[in-house]
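Hi,

Here is the structure I promised to pass on. Have a look at it first, and then read my notes below.

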Amino acid sequence: MPASPSAAPVATDQLTFRTLGKTGLKVTSVGFGCMITSDASVIARAADSGINYFDTARVYQGGNNERMVGAALKGKRQQLYISTKTGAQDKAGALAHLDTSLKELGTDHVDIWYLHGKQTAAQLTDDLLEAQQIAKQAGKIRFAGVSLHTGHKEVIPAAIRSGKIDVILISYNFTMGTTVDELVAKAKAAGLGVVAMKVMAGGFRRMKEGDPNGAILKREGAMAAALRWVLKNPDIGTTIPSMTDMDQFEDNFRCMPAKFSPEDEKTLAAHLERISPVYCRMCSLCAGTCRKGLPVSDLLRIVTYADGYGQFALGRERYRELPDDVTSVRCGDCSSCTVECPHGVHVARRISFAQEIFG
Amino acid sequence: MRALLLSLAAAAVTFAQAPDCGLLSGWTAQGEARSFDADNLFEYMDGNAEGYLLYHFVRLRGVNCQSGEDTLILDVSEMGNAEWAYGMFASNRDPRVAVEKIGTEAQIVPRRAILVKDKYFVEIGSSKEQPEVLRQFVRAIEKRIPGTSDPPEALTWFPPEKLVPGSVRMVPESVLGIGALKRGYVAEYAGGKAFLVRETTPASAAEVMNKLRARIGGTSPVKVADEGFEAIDKYLGRLCFFRKGRMIGGFTGLADGADAAAIAAKLAEGVK
């Protein structure tokens, strides 16, 4: 019986490459985020199809993810770039993590080694930066990186200033608009490679079953449009969408040569229109702007439990954990609201609603 | 008796809501207790939260415990139900290390212990190697967590012969890397990998089988359960899939000479 592929073939002449800053690494514009992948066959197929950048982390799946990635890419190491991450807080811990990562991945070096999930400049400690330099000198890593999901405004400049970071891995998607484009451009101008994660806004996967937004987003075109939105920024070196199956891989693969179209723009605009009045991006730009001192983003999150996720009890529980000087405030007592959300969330209306249903 | 039961139940709920260091003498809480839910888990484990959300994470309560110079980081995560909690446990255990029958299952390595019981997934990290202390904590915690210690039923459906111990895990989406197989269990065998996926109805399972035939291509029908086929796939190797009612299952990565249909039939036999 002849072997058949478990998926339609992809056209490898559609691969597009970009250079990852001063590292000089020529990476495919679509890489592979392995975090939630559970079957090695998807990773192996991506590698066979020409995708050449794979990202994992020491902590993913309790360490099992690195082992699976190593097994999936066995025998292909020389043609690929692999990155992993450490969440250790100090030099010794980080270097111990790295040795374990190399063993589990079955390689003598990783191409990029990220300090994982830094939210503030202070977390880029001299100790951790020194660990990366030691690892570089030992030939265990080629380039040093830092990954961040939040805190772009603080961490990206700090990474540039350090002079020791070669690559940044940042959350970057259409819901952020152009808010971090200037920082991304500065990073690129400084020679840093920029890798984008959470390119489909993370929320796709976090949506609860039955959420109507989930159905809309998952319908044909929405996720690909989100990926093409990221790829239209030439300052982005590569992207690492999470992929769990062959269909997702094929969809993402086809995004490489495709241009972000007016149709994509319409799809994403429609989605933003739907979520803008209610969806808090957790950008923290509202912090400290309420004259009554309310923790605005926390309250927006709490009210979303009730009307977004259908978990009223959880929302009420969270609300009741807030201090009295927060829960005693009523937005209706102010004649006007000092909080202006740059993303269009109707803050006063949403928080009033929280006070009404939980208070 | 009723009062005692109620008091025990209250204590159990309290522990899941507020993990307690005083379970073992000499250990006290250090600093504030922590609490996170699906929307702010990233503040605690920035970069790994999605791995929890995938298993229907609801909330985490945690505390740091201290005894002299030693510190334990104790976190209790409530997942959507016992099956999701087991899935979380199975994806985080080290398949090379034996599990212990504490709660549903527990695994203890020198500086880390994990436990699953009912819908709770417990993690303890230690500042130094002390597996016996971790084991004592896990045993004490297990007694304070309410609910069932039975593993998900599907685990018992995999034939024990040639099963790699501790290899059965729940896959939250895209079993075998195939989107049509939404959620299920996989198990490693000496000479292959088995899987089981539960569909909503026999009709929807039959529809998925048709999608699989179209996707894989070059399939040949075999007589296993309600319907079956075999094929050779570039990435999954030699395979045999079947449908039994609303369950879809099968083997991949079978050796050339193996009787694929007979091996799959053995798995189908165990499916209730």
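Let's start in chain B, where strands β5 (residues 112-117) and β6 (residues 120-126) run antiparallel and are joined by 6 bridges. Strands here are DSSP runs of E with at least two residues, helices are runs of H or I with at least four, and both are numbered from the N terminus. Two strands pair if DSSP finds at least two bridges between them. Within this pair, B:Ile114 stands opposite B:Glu123 in β6(B).

Before going on: this is a predicted model, where local features need pLDDT of at least 70 and side-chain atom pairs count only at pLDDT 80 or more, while totals for chains, interfaces and linings use all residues. Residues are numbered from 1 along each chain as its sequence is written, and chains are lettered from A and ligands numbered from 1 in the order in which they are written.

Back to the sheet. In chain B, 6 strands make an open, antiparallel sheet in the order β1-β2-β3-β6-β5-β4. Its edges are β1 (28-37) and β4 (105-109) of chain B; each has a single partner strand, so one side of each has no neighbour in the sheet. From one strand to the next, the twist averages 10 degrees. Helix α4 (residues 82-92) of chain B packs on this sheet and touches β3 (70-79), β4, β5 and β6 of chain B. The direction of α4 makes about 155 degrees with that of β5(B) (axes are lines fitted to C-alpha atoms, for helices over the stretch in contact, and angles run from 0 to 180 degrees between N-to-C directions). Contact means that the C-beta atoms of two residues, placed from the backbone, lie within 7 Å.

Now chain A, which has 15 helices and 10 strands. Of its 359 residues, 47% are buried. A residue is buried if 20 or more other C-beta atoms lie within 10 Å of its own, exposed if 12 or fewer, and partly exposed in between, with C-beta atoms placed from the backbone.

Which residues of helix α6 (residues 181-189) of chain A are buried? They are A:Leu183, A:Val184, A:Ala187 and A:Lys188. These residues are on the same side of α6(A) because they cover an arc of only 140 degrees around the axis (the arc is that of the directions from the helix axis to the C-beta atoms). They pack against α5 (152-162), β8 (167-171) and β9 (193-197) of chain A. The face turned away from the buried side of α6(A) carries the exposed A:Glu182 and A:Ala189.

Cheers
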